[in-house]
Amino acid sequence: QKLEFLSHDVAPAAEPDDAALEAHLAAHLDAYRIEPRLALRQVFVSRDRRGDAALADAKALLARISADPAAASAGDPSLLPASLPLSPLREIGRVFGGVFAAEVAKLEPGHWSGPVESGFGLHLVFVEEREAGRPPRLDEVRETVRSDWLDARRAEANEAFYRSLRDRYEVTVDVPAATEP
């Protein structure tokens, strides 16, 4: 760590230009990809409250809500939000769980679907809006790309510094002769 600290002082702290940042972004596009986002409403059906009837109740409620959206108030009380604004799948997973987020990502917008299971129970879901994931523009991720570019230059400088130190030394290993037991 001390050697790396010293090498930071020796390594030039040049600022990258847009061409260097664009090249870094293009080379590591998956690391910066903007994930899909969804806006949704959900109606909760509690397995604890309804027991073995929960799945059948959820399917019946789905049919009612599909015919009359006002029936959405017939769900069970919950501390979970009834709706989420346009949110990344990661945020939806944070609120409802990763399995729920993965299943909701497959739903078509514009109609009630479900039931979708989460660790809390069953949910009837209406996807209001969907934005597909996409590669970002540099202006959307400039500071993160800049920071990563600088980190990569530091790592290269550290490696070059270690190589220059290794080149100054010759390591000799003396292996003792085997002795008879």
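**Entry 1: Ser113**

I began with Ser113 and skipped its neighbours within four places in sequence; the contacts left are Leu62, Leu107, His123, Leu124 and Val125. I am working on a predicted model. Ser113 belongs to strand S3, which covers residues 112-117. Buried or exposed, I asked of Ser113? Its relative accessibility is 9%, so I noted Ser113 as buried.

**Entry 2: salt bridges**

I looked up the salt bridges next and got a count of 18. I took Glu15 and Arg146 from the list; their closest N and O atoms are 2.8 Å apart. What does this pair tie together? Glu15 lies in the loop between helix H1 (2-10) and helix H2 (18-27), while Arg146 is in helix H8 (residues 138-167), so the bridge joins parts 131 residues apart in sequence. I logged Arg146 as partly exposed, because its relative accessibility is 25%.

I then turned to Arg50 and Asp76. Their side chains form a salt bridge, at 2.8 Å from N to O. This pair also links distant parts of the chain, 26 residues apart. I placed Arg50 in helix H4 (residues 47-50) and Asp76 in the loop between helix H5 (54-67) and strand S2 (83-88). I checked accessibility on both sides. Arg50 comes out at 25% and counts as partly exposed.

**Entry 3: a network**

Which residues are linked in a network of salt bridges? I found Arg134, Arg137, Asp139 and Glu140. Within it I looked at Arg137 and Glu140, whose closest N and O atoms are 3.7 Å apart. Arg137 is partly exposed, with a relative accessible area of 47%. Glu140 is partly exposed too, at 32%.

**Entry 4: rings**

I looked for aromatic pairs and found 3. Phe96 and Phe100 make a stacked one, with 4.6 Å centre to centre and 25 degrees between the planes. I noted Phe96 as buried at 2% relative accessible area. Phe100 is buried as well, at 1%.

I also looked up Phe161 and Tyr162. Their ring centres are 6.5 Å apart and their planes stand at 50 degrees, so I recorded the pair as tilted. Phe161 is partly exposed at 23% relative accessibility. Tyr162 is partly exposed at 26%.

The charged end of Arg41 sits over the ring of Phe126, 4.4 Å from the ring centre.

How values were computed: Residues are numbered from 1 along each chain as its sequence is written. This is a predicted model: local features need pLDDT of at least 70, side-chain atom pairs count only at pLDDT 80 or more; totals for chains, interfaces and linings use all residues. Side-chain values use heavy atoms; hydrogens and water are left out. Helices (H or I, at least four residues) and strands (E, at least two) are DSSP runs, numbered from the N terminus. Buried means under 20% relative accessible area, exposed over 50%, partly exposed in between (1.4 Å probe, protein chains only). Contact means heavy atoms within 4.5 Å. A salt bridge is a side-chain nitrogen of Lys or Arg within 4 Å of a carboxyl oxygen of Asp or Glu. Rings of Phe, Tyr and Trp (its six-membered ring) pair if their centres lie within 6.5 Å; planes under 30 degrees apart count as stacked, over 60 as edge-to-face and the rest as tilted. A charge sits over a ring if NZ of Lys or CZ of Arg is within 6 Å of the ring centre and within 35 degrees of the ring normal.
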